[in-house]
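Thanks for coming, everyone. Please look at the screen while I walk you through this one.

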Amino acid sequence: MKRLLHPLSLTTLEDYTDPSFSAAVIDWQKQHGRHTLPWQNTRNAYLVWLSEIMLQQTQVSAVLGYYARFLERFPTLRDLAAAPVEDVMAQWSGLGYYTRARNLHKCAQQVVAQYDGVFPADPALLAELPGIGRSTAAAIAAFSSGTRAAIMDGNVKRVFARVFGIDAFPGEKKVEQDMWRRAEALLPATGIEAYTQGLMDLGATVCTRSSPACGRCPLQARCVAYATGRTKDLPVRKPKKTSPEKHAVMLVVIDQGQVLLELRPGTGIWGGLLSLPELDGHVLHNTGSVLPAIDQQALTRAVAPFGEIESVETLLPIVHVFTHYKLHIVPCRITLAHRNLLAGEAGFVWLDSDKLADAALPAPVKKLLLDLCGDSQAVQRSMF
DNA sequence: CTCCGGTGGA
DNA sequence: TCCACCGGAG
């Protein structure tokens with residue numbers, strides 16, 4: 001029978017069901033998974049919950065010691081709920097993400113107050129409690145009451161991205177939704193504990209981010225990434241956040257074969273180098289593609305010590321990328337009517353343009369000036 | 001150094 | 001939808 005097509009949708013309604021997937025994971029988990037972690041082999045929801053919260057963003061090896069000490073100090077949910085939050089924080093100290101500890105304490109008090117100290121089995125109810133999201137709720141429900149529910153943590157995302165060749169960033173909503181749909185469809189009819197633990201163990205010990213042990217993977221035969229040699233490229237990494245953008249209006253004053261330069265402060269960007277004088281008040285943050293309007297009065301004031309402006313020409317911006325931000329250099333070319341030959345200003349120098357190549361200038365500034373002076377000389381030559 | 005990640009809040 | 005929270009790993 002042909003695949004159903006939703007009448008109003010451009011895409012097919014995929015059916016991701018495949019019992020052989022969970023069978024492979026469960027079988028592997030029973031033979032090669034982890035079975036003796038301190039929070040395993042129990043259905044005590046307090047023990048399970050505590051472990052799942054500690055394991056958020058945190059590896060097993062880091063959790064082990066904290067888990068043991070925490071339970072020594074707070075053996076039961078009621079002990080935890082009754083304790084001062086400061087004691088909880090103290091036990092958590094060093095584990096990181098301290099909101100987890102505050103939420104843990106709040107959650108304990110809430111479970112005592114709302115549920116008489118008994119965690120609900122329904123993942124939807126668990127997910128309403130502080131610090132428990134959809135994935136953690138599913139894990140707690142699966143391990144503490146055998147409830148069929150899908151987890152979706154970093155391990156699962158990595159395994160799914162590779163096995164199914166999902167070639168898009170999992171942080172995108174539709175990609176994550178698709179993964180959740182797969183996760184729900186692939187749940188086993190029985191054996192949710194071994195399956196859930198198996199996915200976690202697989203991601204943590206075999207399908208690792210770098211150099212996965214594909215030779216030991218029970219899903220190798222069905223893994224798209226393995227088959228196509230793309231384990232290195234999947235899952236698709238988070239697109240690097242666009243670095244902040246700044247603008248700097250740089251004054252290009254060329255007169256009588258000399259360029260006006262300013263010595264930069266010893267510290268900070270381009271510390272101690274010569275550079276073009278910058279117009280104050282024009283370094284704008286996150287302005288995107290919008291160019292700063294140039295303040296003519298500020299311009300006149302800035303140039304005044306060196307002469308009288310005859311004309312101003314804004315040149316095409318140059319983009320310079322640093323590790324932590326992007327600088328748009330807006331060159332502002334100024335022609336002087338009269339050059340002030342007296343004193344000048346401290347920290348400023350007139351440099352012969354034929355010495356630019358050897359001057360201590362930032363690379364983008366040197367390139368800009370060499371281009372400009374080259375051009376202007378060419379233009380001057382052509383005029384004769 | 002950079003990258004990674006569940007949850008919750010902006 | 002974006003990002004802070006933190007510590008560990010590469």
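Let's start with DNA strand C. Of its atoms within 4 Å of the protein, 59% belong to sugar or phosphate, and the rest belong to bases. Keep in mind that this is a predicted model.

Who sits around strand C? The residues are Gln-59, Gly-94, Leu-95, Gly-96, Tyr-97, Tyr-98, Lys-173 and Ser-210. Sort them by class and you get 3 nonpolar, 4 polar and 1 charged.

Take Tyr-97. A polar atom in its side chain lies 3.1 Å from a base nitrogen of DNA strand C. Now Tyr-98. An N or O atom of its side chain is 2.8 Å from a phosphate oxygen of DNA strand C.

Stay with Tyr-97 a moment. Where does it sit? Tyr-97 is in the loop between helix H5, residues 85-92, and helix H6, residues 99-115. Its phi is positive, about 50°, although Tyr-97 is not a glycine. Is Tyr-97 buried or exposed? It counts as exposed, because its relative accessibility is 55%, and the cut-off for exposed is over 50%. That value takes in protein chains only.

What part of strand B faces the protein? Of its atoms within 4 Å of the protein, 62% belong to sugar or phosphate, with the rest in bases. Which element gives the largest share of the surface near DNA strand B? That is helix H8, residues 134-145, with 3 residues.

Gly-131 places a backbone N or O atom 2.2 Å from a phosphate oxygen of DNA strand B. Gly-133 also uses a backbone N or O atom, at 2.7 Å from a phosphate oxygen of DNA strand B. Thr-136 uses its side chain: a polar atom there lies 2.5 Å from a phosphate oxygen of DNA strand B.

H11 covers residues 192-206, 15 residues in all. From first C-alpha to last, H11 reaches 20 Å, close to the 21 Å expected at 1.5 Å a residue. H11 is mostly covered, with 12 of its 15 residues buried. Among the buried ones are Ile-192, Tyr-195, Leu-199, Met-200, Leu-202 and Val-206. The buried set also includes Asp-201 and Gln-197.

What about the loops on either side? Leu-187 is buried, because its relative accessible area is 10%, and buried means under 20%. Its C-alpha is 32 Å from that of Gly-65, which is 122 residues away along the chain.

Ser-211 lies in the loop between H11 and H12. Here is another positive phi, near 40°, in a residue other than glycine. Ser-211 is exposed, with a relative accessible area of 68%.

Pro-235 lies in the loop between H12 and strand S1, 245-255. The peptide bond from Leu-234 to Pro-235 is cis, with omega near 0°.

Next, the strands. S2, residues 258-263, pairs with S7, residues 348-352, in the antiparallel sense over 5 bridges. Within that pairing, Gln-258 stands opposite Asp-352 in S7. S2 also pairs with S3, residues 274-275, again antiparallel, over 2 bridges. There, Glu-262 stands opposite Ser-275 in S3.

Last topic: cysteines. How many disulfides does a search of the whole structure find? It finds 0. The cut-off for a disulfide is 2.5 Å. Cys-214 is buried, at a relative accessible area of 19%. Cys-107 is buried as well, at 0% relative accessibility.

That's the tour. Questions are welcome.

Methods. Residues are numbered from 1 along each chain as its sequence is written. Chains are lettered from A and ligands numbered from 1 in the order in which they are written. This is a predicted model: local features need pLDDT of at least 70, side-chain atom pairs count only at pLDDT 80 or more; totals for chains, interfaces and linings use all residues. Side-chain values use heavy atoms; hydrogens and water are left out. A residue is near a molecule or strand if one of its heavy atoms lies within 4 Å of it. A polar contact is a pair of N or O atoms within 3.5 Å; within protein, one must be able to donate a hydrogen and the other to accept it, and residues adjacent in sequence count only if both atoms are side-chain atoms. Helices (H or I, at least four residues) and strands (E, at least two) are DSSP runs, numbered from the N terminus. Ala, Val, Leu, Ile, Met, Phe, Trp, Tyr, Cys and Pro count as nonpolar, Asp, Glu, Lys and Arg as charged, and the others, Gly among them, as polar. Two strands pair if DSSP finds at least two bridges between them. Buried means under 20% relative accessible area, exposed over 50%, partly exposed in between (1.4 Å probe, protein chains only). The expected span of a helix is 1.5 Å times one less than its number of residues.
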